[in-house]
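The report below concerns a single protein chain, shown here with its sequence.

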Amino acid sequence: MPACVDILAPLLAAGDLHTARFAALEYAMRPAASAASPSPWQQPAGGTALAAFDKAAGDECGAAWRELLDEFLLSGEPALATVAAKHSALTLPPPPPPSASLISMEDYDACCSWLARGGDAPRRCGAASPGGSGCSLANGSTAATTFLCPFDDLAGLIWANSRLISLNQDGFLRPFDVATVLWPAGYLLGLWVAAEARPGGLLWRGGDGAESCQVLDLGCGTGAVALAAAASLGGGAVVTATDRESRSLALATANAARNGLEVRLSPLDYATDEAVAAFAARHGVTAPSPRSGFVEVARVAGLGFGLHTRWSESESDFEVVVARRSVTDAG
């Protein structure tokens, strides 16, 4: 078997992050009986474990991924253009309708986690399989939402009204990296954006979606929030996503291209209001006033979107705080 670095090198040099990510997963999935360090997400099928994620192999791929991708991204905008072109050819097919049934976290681990299933496990889970609509739960606030995938997994789903958004993340390839995994707060914000873009919501722009709307995402990470906005707000929306990390911009670029969504992506160190205002002015986005403060409009608990703690369905550690800018007399 070739080394993981030899598998990833040509794919990442071509800007094909998606194929490289799952090639690394295939490399790291080993027969359960011979796996040197199996993951706790071991796939059962009729009581027999077919494959397990081998942590040592995963770590090998992670080291190769970080070195090769960071080298590829040194070229800046040309690298991002290559990523966009490559992933535009991987546009997703129309999704199946969302499942209306709940699944447990145990079912998620067994049926929905890419680390558990790999590519060859039997279809005992039906629609509840990686990338399938059965890995979702229905609630009263949105058409359907999906479980937030674990930080070490490679992909998850968000239903933005009637649109399924498939999100890749670096997962085990860059463990717990803030810039390249979907955090619960970003997941919740993406679901809130999708819900509030419906009639009667705070972001509703009219019947045909033609009214102009500007969205500026600071620190886009995987691109989840920006993509939820682009999918939900209609053709009149101009969505700009920014991040200070090139690996985030590459990931968000790939996710936008695969989902066929129009999002402007650009580097931005958003540490100060002045930097944000200057960027907004250059890119035709309404600039915030340097003398503006914030007035709270609403506070939305994560429970309304199915985001509860793993140990209690009546508790959530996350909420969306909605605020609007208000010009003050402060200097």
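## Packing around helix α8

The buried residues of α8 pack against β7 (155-160), β8 (163-168), α7 (184-196), β9 (213-218), β10 (237-243) and α9 (246-258), where helices (H or I, at least four residues) and strands (E, at least two) are DSSP runs numbered from the N terminus. Buried means under 20% relative accessible area, exposed over 50% and partly exposed in between, with a 1.4 Å probe and protein chains only, while contact means heavy atoms within 4.5 Å. The model is predicted, so that local features need pLDDT of at least 70 and side-chain atom pairs count only at pLDDT 80 or more, whereas totals for chains, interfaces and linings use all residues. Residues are numbered from 1 along each chain as its sequence is written, and side-chain values use heavy atoms, with hydrogens and water left out.

Of the 9 residues of helix α8 (residues 224-232), 8 are buried, so the helix is largely enclosed by the rest of the structure. These buried residues are Ala224, Val225, Ala226, Leu227, Ala228, Ala229, Ala230 and Ser232. Just after α8, Gly234 adopts a positive phi of about 90°.

For the chain as a whole, there are 10 helices and 13 strands, and buried residues make up 49% of its 331 residues. Among contacts with a separation of 6 or more, 64% are between residues 24 or more positions apart.

## The α2 and α3 pair

Helix α2 (residues 17-28) and helix α3 (residues 55-72) have axes that come within 8 Å and cross at roughly 155°; axes are lines fitted to C-alpha atoms, for helices over the stretch in contact, and angles run from 0 to 180 degrees between N-to-C directions. That crossing makes α2 roughly antiparallel to α3, given that angles under 35 degrees count as roughly parallel, over 145 as roughly antiparallel, 65 to 115 as roughly perpendicular and the rest as oblique.

On the α2 side, Leu17, Ala20, Arg21, Ala24, Tyr27 and Ala28 take part in the contact, meeting Ala57, Gly58, Glu60, Cys61, Trp65 and Leu69 in α3. The residues of this contact divide into 9 nonpolar, 1 polar and 2 charged, where Ala, Val, Leu, Ile, Met, Phe, Trp, Tyr, Cys and Pro count as nonpolar, Asp, Glu, Lys and Arg as charged, and the others, Gly among them, as polar.

## The disulfide

A search of the whole structure finds 1 disulfide, defined as a pair of cysteine sulfur atoms within 2.5 Å. Cys4 and Cys61 form it, with their sulfur atoms 2.0 Å apart. Cys4 lies in helix α1 (residues 4-13) and Cys61 in helix α3, so the pair ties together parts that are 57 residues apart in sequence. The torsion about the S-S bond of Cys4 and Cys61 is about 110°, so this disulfide is right-handed.

| Residue | Relative accessibility | Class |
|---|---|---|
| Cys4 | 0% | buried |
| Cys61 | 0% | buried |
| Cys220 | 7% | buried |

## Two loop residues

Phe176 is found in the loop between β8 and α7, and has a positive phi of about 55° although it is not a glycine. Phe176 counts as exposed, at 56% relative accessibility.

Ser314 belongs to the loop between β12 (292-301) and β13 (319-327) and is likewise exposed, with a relative accessible area of 57%. Ser314 and Leu303 are 11 residues apart in sequence and 7.3 Å apart in space, C-alpha to C-alpha.
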